[in-house]
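Please look over the model below.

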Amino acid sequence: EYSVQLTFREQWLDERLKFNDVGGRLKYLTLTEANRVWMPDLFFSNEKEGHFHNIIMPNVYIRIFPFGSVLYSIRISLTLACPMNLKLYPLDRQVCSLRMANGWTTDDLVFLWKEGDPVQVVKNLHLPRFTLEKFLTDYCNSKTNTGEYSCLKVDLLFKREFSYYLIQIYIPCCMLVIVSWVSFWLDQGAVPARVSLGVTTLLTMATQTSGINASLPPVSYTKAIDVWTGVCLTFVFGALLEFALVNYASRSDLHRENMKKKRRELEQASLDAASDLLDTDSNATFAMKPLVRHPGDPLALEKLRQCEVHMQPPKRPNCCRSWLSKFPTRYANHNYHISSLFKLSFSFL
């Protein structure tokens with residue numbers, strides 16, 4: 001809806017009101033009471049609310065000219081319905097109409113626009129969030145079962161001012177996304193700082209989105225501002241998810257290094273124990289097995305089977321399993337590249 005304050009004028013011919021102008025000395029008669037003459041039953045078809053102005057005196061007058069022409073002028077304030085398409089909000093243009101209809105058929109009454117300049121707009125018109133680009137006059141006659149009814153309309157083309165939304169919506173959203181990137185430069189071990197920063201920016205972005213939608217009527221389609229806030233929310237959530245993956249990768253690397261260290265310690269301990277055993281039993285004698293075995297010897301068959309097992313072709317490694325096993329180390333090593341990818345992707349928006 002939109003509100004407008006206007007001075008409405010209409011003129012018609014009523015031959016019953018003709019009078020003598022006394023040789024041209026009497027130009028017109030002025031009345032202040034509209035109920036003294038017949039008037040067309042005009043109404044604004046898309047009106048939601050309206051009122052007249054009565055301070056200091058009623059803002060209305062009627063002029064009757066000698067040849068029977070009647071000029072009616074009144075100052076009124078109206079609140080009119082204006083269906084809007086918000087798919088491109090806040091980069092949209094809206095067309096709002098002012099419709100004037102009546103209850104008489106065209107056989108009795110016909111509305112016509114005045115030739116020349118029927119609609120006049122003040123030059124210093126200022127709207128807080130819109131700019132009036134142009135206006136058009138047209139007819140909107142309607143046909144029903146009872147006949148055809150005359151109708152006039154004025155189409156007002158409004159362009160929404162983008163500077164307000166740039167300061168109130170777009171710049172704060174960009175700042176929140178950039179603040180969420182600060183966690184990329186924090187140490188991986190600073191878990192409380194990175195988690196609190198990610199959660200705070202995520203909640204702030206969600207509050208900003210809900211505040212934007214609260215000032216708009218609920219619609220069933222997606223608006224341009226919904227796409228923008230959704231992308232910003234995705235980047236903020238992605239920064240928080242990136243920290244979770246990096247933290248998991250770093251802990252996996254640390255666990256792997258600890259396991260390798262323990263394995264090396266166990267191997268070193270076993271080697272030390274074996275060397276000590278050799279030193280204590282250096283004087284002991286061992287039974288030597290013969291170098292040549294007979295074909296029927298069971299030990300030779302056992303060695304043959306062992307050789308057959310060792311000669312089998314090696315199994316082909318699984319690529320997916322190999323990549324997943326190396327994922328933590330790779331992800332931790334490419335943390336810088338992932339953060340750079342975030343920044344480049346957002347800059348292209």
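**Notes on the rings and cores**

1. The charged end of K87 sits over the ring of Y221, 5.7 Å from its centre. That label needs NZ of Lys or CZ of Arg within 6 Å of the ring centre and within 35 degrees of the ring normal.

2. This is a predicted model: local features need pLDDT of at least 70, side-chain atom pairs count only at pLDDT 80 or more, and totals for chains, interfaces and linings use all residues. Residues are numbered from 1 along each chain as its sequence is written, and side-chain values use heavy atoms, leaving out hydrogens and water.

3. The largest nonpolar core has 27 residues. A core is a set of buried Ala, Val, Leu, Ile, Met, Phe, Trp, Tyr and Cys residues joined through side-chain atoms within 4.5 Å. Y2, F8, F44, I76, L78 and L98 touch the most other members. Strand β6 gives the most to this core, with 6 residues. Strands here are DSSP runs (E, at least two), numbered from the N terminus.

4. There are 10 aromatic pairs. Rings of Phe, Tyr and Trp (its six-membered ring) pair if their centres lie within 6.5 Å; planes under 30 degrees apart count as stacked, over 60 as edge-to-face and the rest as tilted. F8 and F44 are edge-to-face, at 5.9 Å centre to centre and 75° between the planes. F8 lies in strand β1 and F44 in strand β3, so the pair ties together parts 36 residues apart in sequence.

5. Are F8 and F44 buried or exposed? Both are buried. Buried means under 20% relative accessible area, exposed over 50%, partly exposed in between (1.4 Å probe, protein chains only).

Methods:
Helix = DSSP H or I, 4+ residues; strand = E, 2+ residues; numbered from the N terminus.
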